[in-house]
Amino acid sequence: MSGALLNLSGVSLAFAGNTVLQNVDFQVAEGAVVSLIGPNGAGKTSLFNCITGFYKPQSGAITFDGHELLKLRPHRVTASGIARTFQNVRLFREMTVMQNVMSGMHSRTRSGAIAAILRLPSQRAEEAAIRDYCEGCLRFVGVGPEEYDRIATTLAYGHQRRVEIARALATQPKLLLLDEPAAGLNAGEKQDLIALIRRIRDERGISVLLIEHDTGLVMQVSERISVLDHGAMIAEGTAKQIQSNPKVIEAYLGQEDAEAELDF
Amino acid sequence: MTPRDTASDRLRDRIAARFESPALRWGGIGLILVLMAVLPAALGQYATVIMTNALLYVVLALGLNVVVGFAGLLDLGYAAFFAVGAYTIGILTLDFGVNFWLALPVAVLAAAIAGVIIGGPTLRLRSDYLAIVTLGFGEIVRFSARNLAITGKASGLSGIGQPWLFGWHIATPTDFYFVFCALAILAVVVSLRLENSRLGRAWLYVRHDEDVAEAMGINRVAVKLAAYVTGAIFAAIGGAFFAANLGAISPESFSFTQSVLILMAVILGGMGKIPGVILGAFIVILGPELLRNLGELRLMVFAVMLLLIMLFRPSGIWPKRGVRS
């Protein structure tokens, strides 16, 4: 898959001698919805952190849209077109829904201190454009205007997750990384999430990579699935191929403390 | 939190809500401006001098509020930038005969450069280290001022001239009172505009969660440096007019106590909240004055009051809405 949007090759990461990722090869094609699954502690979130620049792998290469990502600091990775959400919703506390989403526009806008102090016309136009774009993102994820000025962390949990996705969309990404977006959602909200993920790809043309424990959701929404176990990629394929892969079944069921969530 | 506090919070919110109607807000602003204008005539020279000092503290506290309140960086050596502003004016006007108004931008530039030199390497560190480095920087600046010939060693500089502005010789305490009124208003306007801007929001994001801010595309080091330099510029402007007002400066005007007093004004009023910080600055300066008839006990009484305020209102007298302990 040489035309991949995101390409990881031979990525290895260790903390103080403990191997977290070993020689991981992984691709996300342009316009794809791809899932990364695996037992707890397999290294899924670490892989996200490598992609987004928070962890620096000891070896390997990560390229995205023609850029070499490994040299970049996290804010440059975001500027290059990768946005993410967090496993435990991490909205800015004490700030409103709108202010939260506006953070995403930072790397797409320019105005500095002088423009703000003088209230230059360009600065005011930019502020209005930021608000407009963020309203669009909030509307897209289904958060209404009555919630814009509420403190984000006082919203119902399902809505906080949506606000977090809107904030990621405001960075105008080409690839969206969702870290367990369905965690804590009820059955109805999960269906809404599946529809939202599809719309993100179909209407906005954003590729999606998700980490998820809810295998039902994973099977429904993703075209390709990769399985990570003990820091190594053990399988890659379509939902059908993954379901019948003996290595995957062993990874999930063959361990004593198995969180045997893979309900085939 | 006691029920009484919640009631006072509600009252404050109601008052604040009233001021959201534009007519009342402009009326309130007009009233404050009128009070500021008649104060010297109404209260006499002593009160005018005290108020001038309080207004200087408003400028300094609003500057430090950008660093501590907005960006969440603990700065224990803020008086150093105040010193850089004052000494730059002193040296340039006395030794080089430069006009005050030409020396002012140099003072601002000097403080900005000092901010970059100290902030550049240290803002990569987490907050606790920054506190130690800034504490050290504050002391280094004071000791340098006390030992260098150009800063007049321990006795400092004296005979700094009073500036002219379009034919107005800013000379009497009342003149300086009005100059500091203008500076305080300017500081408030600049603070408000920065707070509601792309950069102001970025400071809050970084303060609340550095990692998430970075994941949202914000360059955390650059944003913190901008806060640090902005704070330094506020202090330098305050220091420049402070030097012109007193005509004499000495290293002891820029001690660690000075940094702590400014920090206290910020924390006391409510970090990050502009009206709170203004209130804090007035309390820090006017508090000891109002308690003057208690004689020797006044500083102790003042200290106990501060402790009680912090005990019962840990996020300040007038904190940000929704930021209650």
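How many salt bridges does the rule find across the interface of chain B and chain A? In this predicted model, the rule finds 4 salt bridges across that interface. One of the residue pairs that form a salt bridge is B:Arg207 with A:Glu94, whose closest N and O atoms lie 4.0 Å apart.

The elements that give two or more residues to the side of chain B that touches chain A are helix 6 (173–195), helix 7 (198–208), helix 8 (210–215) and helix 9 (220–246) of chain B. Of these, helix 7 of chain B supplies the largest share, 8 residues. Sorted by class, the side of chain B that touches chain A has 14 nonpolar, 6 polar and 7 charged residues.

The table below gathers further values for the interface.

| Item, chain B and chain A | Value |
|---|---|
| Residues of chain B in contact with chain A | 27 residues |
| Residues of chain A in contact with chain B | 32 residues |
| Area buried between the chains | about 2900 Å² |
| Part of that area given by carbon and sulfur atoms | 59% |
| Residue pairs in polar contact (both at pLDDT 80 or more) | 13 residue pairs |

Within chain B, B:Thr134 is found in helix 5, which covers residues 127–147. B:Thr134 counts as buried because its relative accessibility is 0%, and the cut-off for buried is under 20%. The side chain of B:Thr134 reaches the backbone nitrogen of B:Leu76 at 3.0 Å.

Conventions
Residues are numbered from 1 along each chain as its sequence is written. Chains are lettered from A and ligands numbered from 1 in the order in which they are written. This is a predicted model: local features need pLDDT of at least 70, side-chain atom pairs count only at pLDDT 80 or more; totals for chains, interfaces and linings use all residues. Side-chain values use heavy atoms; hydrogens and water are left out. Contact means heavy atoms within 4.5 Å. Buried area is the accessible area (1.4 Å probe) that two parts lose on being put together, summed over both. A salt bridge is a side-chain nitrogen of Lys or Arg within 4 Å of a carboxyl oxygen of Asp or Glu. A polar contact is a pair of N or O atoms within 3.5 Å; within protein, one must be able to donate a hydrogen and the other to accept it, and residues adjacent in sequence count only if both atoms are side-chain atoms. Helices (H or I, at least four residues) and strands (E, at least two) are DSSP runs, numbered from the N terminus. Ala, Val, Leu, Ile, Met, Phe, Trp, Tyr, Cys and Pro count as nonpolar, Asp, Glu, Lys and Arg as charged, and the others, Gly among them, as polar. Buried means under 20% relative accessible area, exposed over 50%, partly exposed in between (1.4 Å probe, protein chains only).
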